[in-house]
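Subject: Structure handover

Hello,

Please read the notes with the coordinates open.

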Amino acid sequence: MQIREPELLEEYFIAENFEDTITPYIKEDTEVEGYKFIDLMIDDFQLDTADFHQCVFQNCTFTECHLEKIYFLDVVFKHCNFSNIDMNDSTFKRVVFDACKLTGTNFSDGVIDHAKFNSCSAQYANLTNMKIENTLFKDSDFSNAFMQSQHYKNVAFENCKLIAADFYKTKLKGIDLSSNLISGISVSDYELKGALVSPLQACDLALLLGIKIKDDL
């Protein structure tokens with residue numbers, strides 16, 4: 001799988017306050033570009049439509065925030081906490097989420113392209129009705145996540161927890177699930193057709209689909 005890495009800068013402006021930094025750009029309808037946001041607490045912030053280009057978010061925590069229709073291009077998120085915030089209808093292109101907390105985060109109706117999710121905690125995250133292409137989910141926990149009605153192209157899951165995740169109406173054809181924990185996932189034969197699983201997973205999925213396995217006596 002070839003995933004384009006974020007195109008980062010050698011030098012960045014350091015933002016001391018999130019709202020104060022981005023407000024002039026929002027008013028002028030221009031991109032927020034070339035900033036590092038480090039160790040910031042962003043609380044109860046509402047943002048509808050904005051562009052972030054070549055930025056880095058590190059050790060930032062967002063609480064009670066609503067970030068809708070945001071376009072992130074060439075952005076890295078390191079050790080950030082986006083738990084239970086709305087980021088719906090947003091676009092993430094050439095981005096990396098590294099060791100981020102995404103529990104209950106709402107990504108629904110958005111686009112993810114050329115992205116990596118490394119060592120993220122994303123239990124109960126909502127990725128419903130998303131277009132996801134050229135993306136690697138690795139060493140991350142998406143247990144109980146809502147993954148319904150997704151469109152996949154060139155997507156891989158490696159060593160992830162997908163326990164009780166809901167893949168209703170998401171075609172998994174060509175997706176290799178064999179290195180992942182998938183017990184209790186919500187699927188039917190429609191979603192599973194063409195997916196790659198281990199022999200043990202095949203037995204578990206057969207039982208999940210109501211197939212009775214008879215031992216040879």
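Arg4, Glu7, Asp74 and Arg94 are joined in a network of salt bridges, a salt bridge being a side-chain nitrogen of Lys or Arg within 4 Å of a carboxyl oxygen of Asp or Glu. This is a predicted model, where local features need pLDDT of at least 70 and side-chain atom pairs count only at pLDDT 80 or more, while totals for chains, interfaces and linings use all residues. Residues are numbered from 1 along each chain as its sequence is written, and side-chain values use heavy atoms, with hydrogens and water left out.

Salt bridges

The whole structure contains five salt bridges. Arginine 4 has a relative accessible area of 44% and is partly exposed (buried is under 20%, exposed over 50%, partly exposed in between; 1.4 Å probe, protein chains only). Glutamate 7, at 38%, is also partly exposed.

Lysine 116 pairs with glutamate 5, with 2.6 Å between the closest N and O atoms. Strands are DSSP runs of E with at least two residues, helices runs of H or I with at least four, numbered from the N terminus.

In the salt bridge between lysine 131 and glutamate 133, the closest N and O atoms are 3.8 Å apart. Lysine 131 is partly exposed at 40% relative accessibility, whereas glutamate 133 is buried at 15%.

Nonpolar core

The largest nonpolar core has 61 residues, and Phe37, Phe52, Phe57 and Phe97 have the most contacts inside it. Such a core is a set of buried Ala, Val, Leu, Ile, Met, Phe, Trp, Tyr and Cys residues joined through side-chain atoms within 4.5 Å. Elements giving two or more residues to this core include helix H1 (18-28), strand S5 (46-58) and strand S7 (66-78).

Leaving aside neighbours within four places in sequence, phenylalanine 52 has contacts (heavy atoms within 4.5 Å) that include Phe18, Ile22, Phe37, Phe57 and Tyr71. Phenylalanine 52 is buried at 2% relative accessibility.

Aromatic pairs

There are 30 aromatic pairs, counted when ring centres of Phe, Tyr and Trp (its six-membered ring) lie within 6.5 Å; planes under 30 degrees apart are stacked, over 60 edge-to-face and the rest tilted. Phenylalanine 52 and phenylalanine 57 are edge-to-face, because their planes are at 65°, with centres 5.9 Å apart. Phenylalanine 57 and phenylalanine 62 form a tilted pair, with centres 6.3 Å apart and planes at 50°. Both phenylalanine 57 and phenylalanine 62 are buried.

Regards
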